[in-house]
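The sequence and the model come first, and the description follows.

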Amino acid sequence: MNNHTAPAGGDNRDYLDKALDAVQKKIPGKAGDRFRDPNSAQKNRAMNEKITDFMRKHFQKMTGYVSTLTGYSHAWDC
């Protein structure tokens, strides 16, 4: 299901996953506490992966473009 390209290095999250993590860590108060808690990091990462996969799938469906780290390509060119 995960057919997006991950950056090189030990981290298997791509830029969209990292951006969502950064936004969630900025949520103030008790609502944001669960995103800053290191004990729930794995649970949050799993949920974020589902969210970003959903976003990618619908972006590709609506636009016909497949997002990659090197740029965009038409889905029918792949």
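A salt bridge is taken here as a side-chain nitrogen of Lys or Arg within 4 Å of a carboxyl oxygen of Asp or Glu. The side chains of Arg 56 and Asp 53 meet that criterion, at 3.2 Å from N to O. The model is predicted: local features need pLDDT of at least 70 and side-chain atom pairs count only at pLDDT 80 or more, while totals for chains, interfaces and linings use all residues. Residues are numbered from 1 along each chain as its sequence is written, and side-chain values use heavy atoms, with hydrogens and water left out.

**Overall layout**

The chain has three helices and two strands, where helices (H or I, at least four residues) and strands (E, at least two) are DSSP runs numbered from the N terminus. From the N terminus on, the order of elements is α-α-α-β-β. Of the 78 residues in the chain, 24% are buried; buried means under 20% relative accessible area, exposed over 50%, and partly exposed in between (1.4 Å probe, protein chains only). The chain exposes about 6,000 Å², and carbon and sulfur atoms supply 60% of that area. Accessible areas come from the Shrake-Rupley method with a 1.4 Å probe, and for residues only the protein chains shown count as cover. With a contact defined as heavy atoms within 4.5 Å, 40% of the contacts between residues at least 6 apart in sequence join residues at least 24 apart.

In helix 1, the buried residues are Asp 17, Leu 20, Asp 21 and Gln 24. Seen down the axis of helix 1, these residues fall within an arc of 100°, so they line one face of the helix. The arc is that of the directions from the helix axis to the C-beta atoms. Tyr 15 and Val 23 are exposed on the face of helix 1 turned away from the buried side. Helix 2 and helix 3 are among the elements that cover the buried residues of helix 1.

Helix 3 spans residues 41-63, and its 23 residues reach 32 Å from first C-alpha to last, close to the 33 Å expected at 1.5 Å a residue. The expected span is 1.5 Å times one less than the number of residues. Asn 44, Asn 48, Glu 49, Thr 52, Asp 53 and Arg 56 are buried in helix 3. The buried residues of helix 3 pack against helix 1 (15-25) and helix 2 (29-36). Just after helix 3, Gly 64 has a positive phi of about 80°.

**Salt bridges**

A search of the whole structure finds three salt bridges.

| Pair | N to O distance |
|---|---|
| Arg 56 and Asp 14 | 2.3 Å |
| Arg 36 and Asp 33 | 2.9 Å |
| Arg 56 and Asp 53 | 3.2 Å |

The pair of Arg 56 and Asp 14 links distant parts of the chain: Arg 56 lies in helix 3 and Asp 14 in the segment before helix 1, 42 residues apart. Arg 56 and Asp 14 are both buried. Arg 56 and Asp 53 are three residues apart in helix 3, which separates them by about one helical turn, and Asp 53 is buried, as is Arg 56.

Arg 36 is partly exposed at a relative accessible area of 37%, and Asp 33 is partly exposed at 40%.
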